[in-house]
Every structure is written in structure tokens, then in C-alpha cells.
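Please look through the sequence and the model shown here, and then follow a set of questions about the words used to describe them.

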Amino acid sequence: MADYADTSGDEKPKGKKLGYLELMQAENIVPLLSEEELASISAKVTGEYEIDEQSRTDWLEKNTAALELAMMVAGDKDYPFKNASNVKYPLVATAALQFNARAYPAIVPPDRVVKCKTFGKDPDGQKAARAERVSDHMSWQLTSQMPEWEEDTDRLTLIVSIAGSCFRKVFYDLSLGRNVTRLVTADRLVYNYWARSFVDLPRLTEIMTLYPNEVQERINDRRFVDFDYANLETGDTNPNGSQTASTEDGDAPHTFLEQHRLLDLDGDGYSEPYIVTVHKGSGKVCRIVANWTAETAQLAQDKDGAIKVVALRRRNYYVRYLFLPSPDGGAYGLGFGWLLSDINHSINTTLNQTFDAAHLANIQGGFISSALAPKQRGGTFRFEQGEWKYLNTTGALRDAIMPITYPGPSQVLMVLLEFLINAGKELASIKDVLTGDTPATAAVGTTLAMIEQGLQVFTSIYKRIHRGLREELRLLGDLNADHVNAEEYKRFHDAEADPQKDYNSDDMDILPVSDPQSVTKAQKIAKAQAIYSLSNENPTMDRAEATKRVLEAIDAEDIEKLMPPPPPPDPKIAELAQRAAEAEVSGLEATAEEKIANATAKLAAAIKSIADAEGVEMGSQIGIYAQIVDMLKTEHAMENDIVGQVAGQGGVPGVAGQPNDPMGAGPMGAGIDGGGAGSGGQPVPVEQLPPGGMGAGAANGGVPQGAL
């Protein structure tokens, strides 16, 4: 591999190879190459273009026939007689129109085209806000800033359903100062039919037509080298690849071959990706630019520490939209023009034979005796409509005239015609229920089930279209990250925003708003209504968002006016609510303090009574006071709980026992049912108490039954 060296500051001496940086940074490499090198490149481009064109000859012929069948092109017909019927039944055209009518509104909604999905956690909502900004900006770009996008999308859905393949070129136009998308039909994007895949093609060529003024613009801004194109061959390219010469029209377009290919311009044995533009008529190389960037280059260091290029990945400008993949493994797809071709031709033949039979039955012709003719006639007979031929016959007048009768249209032809039409509709999925022609007595549920079943084929095809649209939006997002002006981006959002950070694709995916699973209005409304019903039953769901989805499904206008944001809370009301809450808390605290005081007073009185009883009577009075304590336990259960919370560890200290009191030997808790030492209180050993003293609190916070 060659060094990743920069020789851009030097003139290219004869025989010196160009460096990677010089090749990558040059706005046009043509002036840096010799005439011999340019002639070799031109021959390589045109020769390999012809090879790719030859590989798809059969496909190109069938594709041309499919387009003519869809457009119902009818020429003159001289079989079985001159000017015979040549009606084209619109089977392919009907199928293509039905697909276009469903796909185009689904891809281009009325309000928003793009949505974004972020990955990873988003605790502060920064990713969601960024995704919303990108969605708003790209939707505005596609629907307002790029007027060609929606029109080309309409054409794309129609063409791809007929031809099976269609392409869109996505690039930044320097002259317009914005992103541009251009529809490229399959006959104008040439690559080898048996290529392994569309992603890693070694080369592909766009047959590009430019008007003389467009050529001059490219010369002025130095995209093309200056060359004399005034006297060169002009004219467009036919679908079969041939050139339509035009020598009289001075504004006729020039045909160029823009080939994305590999070339080894630095002579290191590794071919780099370039874009080479050649004037087809003259073979003049107008432009060569590198088709890689520093971000797409894979670099490595050799043993000497020098930076080497390991691989260069080309930038992709084309998005392929596929209708059906080709069963033979070809790189181009199949459309209705291919699938329905034989059936449509058979329908045309049967239909025209029916018309011809009816036409012949309505006219007369036959033979007349030569005796009735002014002179003798002979030779080969060929009938025109309503013509009579003369023969040499004798006899009666009725024998001198013999008319030829035609039976008219056959019932067999009518049955065959109906069979072929039904077979074509079955293949194209254009049943009556899908075209809106259903019996008035059909149940709603049955009709919806029939529509869903009939749309299965369409849904699978639409997912392929959706896949191509997703790739196109990704390319547009990459272009926005490189070219969107930061100041204009800020003005668009009326807020601080950086387009390079917003369009960072590391943790965000840009997607179409369209849903491949909901392609009809009935499906979208049914899904939105189901979500709304769930929001009524599930309080955790956002009902406002569910309502918004229903309004979007029915294409309601001015949804923001129908669902305005909730007004901010009134500061006065908020202040009153806060005061009420504070007053309620103060009242609860006062009530709790009062209950604690009452419980403490009653408990102290009970303890004092017990102590007095111990000093006066050691007999039966003790039992009486114990019963009083049990009554207090029942009467003041709530107060005791509060006391338990206040007392904490250790409970209410006990009182000293009387001398020589036999009850003073054991611990006695001052609390009653949790109003004493609490659950964490520990019993105090007897030896640590004063002589005759009562315990500091029972272990479990209460006076055991019968402890007195």
C-alpha cells in the first residue's frame, strides 16, 4: 500500500504518482493526468459500460415491452386482415394504478414525513428533543425545500410497480446550495445483471443527459474541464441504449456516462473508488473525483510507524427501490409488466378475435358469377370487408350469387376471456373488494377481513419500498450533517441547536413515518381507535396522546388547535393550596401532641397510684390497682401507640420501689402495650437496680399479664 502522503502542493512531474490526499482533495483530477492516461480511462469506462449493457440485453427488451404494455401502445395491425382490431386490455395499467393509489398517500402523509428513533437511556429528555428537531427539519426539507421529491415519489411508486426496479440519486447540489434527489429509471442505471448484490458493485453507470446550458454551468464552476461541446453529437438515449442523434436542435441534451468505478491512479496495486464522467459521443473525460472521504478510509501503521491505507469504502449515492426480487438471481427486480405480460397478451388476443368475429358477422361478402360481371376476372381471391368476387358460373340467378357467412363471436372465447381476466386480477391482487366495489349487504367485519387478506401481497411489496425509503432518508441525514448551515438551522428551530450534533447517527435512526403494516386508511383508524380504547381502561396511558393519534389517523386539520396545551397553574390557587396543606399538617401535629400529653398524664397518674398502693397496702389493694392499669390499656390504646413512638428506646423510666417490697425484686416496665420500652428496649438486670427499685422497662415494652 502507498503512503497516505500529501503531494497537493507540488506540480505532478512526469511519471510521478499522485498521493492519496491529493487525489481525495482535488475538485477535479482530470487536469492532473496526461492525455494518454485520460484516453486509457475513457476507453475503460466506455468499454466496460458496453459489457454491462450487453449482460442485461434480454432484461432490457422485456422491460421495454412491459412499459409499452402498461401504456397500452397500439400500432397498425394487418392480421387476419388489414386494420384488424388491436385493442389493449388495461390489466397491467390497472394493477399499477391501484398500487400507486395505495402506496403514494401512505409514503407521503399530509403533515410529517420523517420520524426519528433514539437508542439508549434519555433521563433528561435531550435525545427526544433532538429527535423532534431532526424530524421537523427533514419533513420541511422534503415537502418544501425540495419540491422535486414528492413529485418523483409519485412517479416512483408507479414506475417500480411496472418495471420492478427504480432508483433515486441523493446528492448535494453546489449550484442550488441544498440536497437534491433525482429519479433514475432502471434502463438508465447500468450495472452487470449478474452482480452479486447492489451494495458492493465494482462499477455502475448512470446514463445522464444534460442540456447545453447545464454543461456550461459545470464548466463555469469547474466541475467539468473546459471543452468544446458545441459541435459534438447531441440527442437523448433510447431505452434500448441507442443514441437518438439530433443535429438541428441546438438545445438538444448531451449524453454523458457517469461511472462510479475503481481505478488505480497512484499505481500502488490497490484500486480506489472514483466517479468518472465521460461525454458519450466524443469520449471526452470531463471529470474525475475521489469517491471516498477520510471517514471512510481504513488506516493502519506499518512497522516503521508510517500510516498506510488498508481499504477505501466508496460513498453511495443511489438507493434501489425493488418491487419483487428476480427469481433467476438477477440484480434487477420484477414488476406487474413482467408478471402479467403473458396473461395480458392472451387477453388482448382473445379480445381482438372476438371483435374481429363480430365485425365480420356484421358485413357481407361472397362470390358472383362472371356472367354478371362487365368482364372476366380471375386470379387469387383476397377479400376486403363487404367485397364480392366474380366467378365463371352458369345457371339460375340464385346460383350465380353465393354469400359467405360468418358465425360471429364464439361463446368459448367469452369464457376464455373471463378466465384470463380473473387469473390476472388474482395475480395482481386487484379484487373488487380492494377497488371499492363491494356488495352493499356485506357485513363490515367480513369486508375488513377480506381487505386485510387481499392486502397481504401488497404489504410485503410495500415493505420493500419502505426499506428503500429508509435508506434514502439515512443518506439525506448524512448530507445534512455535512452541509446544513448552523445559523439557518438555529433560525429554523428558533433555538440553540447544532446540526452536526443533532444529525449524529450513532444513537439515532431516521425512519419514514409510514407504517408498512397499516397501508390503508381503515387500518390506521382501527389501530388508533384500539389504542384510545385501551387508554380509557388503563389510567397509566396518556389519553391526550391516544386522542392525538386518532385525529392523525382521520387526517384532522389543525390538531394543535383541537388539543391546545394545558394552561399554566394560577399562582394564587397554588398558594392557597399550599397554605391549606400546611394548615392541615399543623392541625395533625397539634392533635398528636394533645394525645401524647393526655396519655402521658394518665400513665403518670396510674403509676403514682400503684406506688402509693405499694406503700400503704401490700395486699388486696395491689390487685385492684392492677385492674385499673388493664382498664387504661383498653381505654387508651391509641394514646399508648403514640407514647410508644415518642418514648423510643428504653421507655418511660420506672419509679423506685418501697423498701422490703417483695415485688421490687423483678423488673417492671413503665409502658403499656408498646408504650414502654418499645420493641427495642432491653430489660435491666436486678443487680443493677436500686434496692427495691422497679425495672427501667420490660423487654417487649409492656407490663406482662399478672406481673404485679
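A residue counts as buried when its relative accessible area is under 20%. In this predicted model, 40% of the 708 residues of the chain count as buried. The chain holds 21 helices and 15 strands, and residues 24 or more positions apart account for 65% of its contacts with a separation of 6 or more.

Q: Why is Phe492 called partly exposed?
A: The term covers relative accessible areas between the limit for buried, under 20%, and the limit for exposed, over 50%. Phe492, which lies in helix α14 (residues 486–493), has a relative accessible area of 33%, and is therefore called partly exposed.

Q: Which residues is Phe492 in contact with, once its neighbours within four places in sequence are left aside?
A: Phe492 is in contact with Asp136, His137 and Trp140. The C-alpha atoms of Phe492 and His137 are 7.7 Å apart in space, although 355 residues separate the two in sequence.

Q: Why are α5 and α13 called roughly perpendicular to each other?
A: Angles from 65 to 115 degrees count as roughly perpendicular. Helix α5 (residues 126–145) packs against α13 at an angle of about 105°, with the axes 12 Å apart, and the two helices are therefore roughly perpendicular to each other.

Q: Which residues meet where α5 packs with α13?
A: From α5 come His137, Met138, Gln141 and Leu142, and these meet Leu473, Leu476, Gly477 and Asn480 of α13. By class, this contact of α5 with α13 has four nonpolar, four polar and no charged residues.

Q: What makes α9 roughly antiparallel to α11?
A: An angle over 145 degrees counts as roughly antiparallel. Helix α9 (residues 341–361) and helix α11 (residues 411–428) pack at about 155°, with their axes 9 Å apart, which makes α9 roughly antiparallel to α11. The crossing of α9 past α11 is left-handed.

Q: Which residues form the contact of α9 with α11?
A: On the α9 side are Ile343, Ser346, Ile347, Thr350, Leu351, Gln353 and Thr354, while α11 brings Leu413, Met414, Leu416, Leu417, Leu420, Ile421, Ala423 and Gly424. The contact of α9 with α11 divides into ten nonpolar, five polar and no charged residues.

Q: What makes β3 and β11 the edge strands?
A: The open sheet has three strands in the order β3-β2-β11, with antiparallel pairing. The strands β3 (178–185) and β11 (318–322) each pair on one side only, and they are the edge strands. Neighbouring strands of this sheet are turned by 25° against each other on average, with direction ignored.

Q: Which strands does helix α13 touch as it packs on the sheet?
A: Helix α13 (residues 456–483) touches β2, β3 and β11, and its direction makes about 165° with that of β11.

Q: How do you know that β11 is mostly covered?
A: Of the five residues of β11, four are buried, a word that requires a relative accessible area under 20%. On that count, β11 is described as mostly covered.

Conventions. Residues numbered from 1 in each chain as written. Predicted model: local features only at pLDDT ≥ 70, side-chain atom pairs only at ≥ 80, totals over all residues. Heavy atoms only, no water. Pairing = 2+ DSSP bridges. Axes fitted to C-alpha atoms, helices over the stretch in contact; angles between N-to-C directions. Contact = heavy atoms within 4.5 Å. Parallel < 35°, antiparallel > 145°, perpendicular 65-115°, else oblique. Nonpolar A, V, L, I, M, F, W, Y, C, P; charged D, E, K, R; others polar. Left-handed = near helix turned anticlockwise from the far one by under 90°. Buried < 20%, exposed > 50% of the residue type's maximum accessible area, 1.4 Å probe, protein only.
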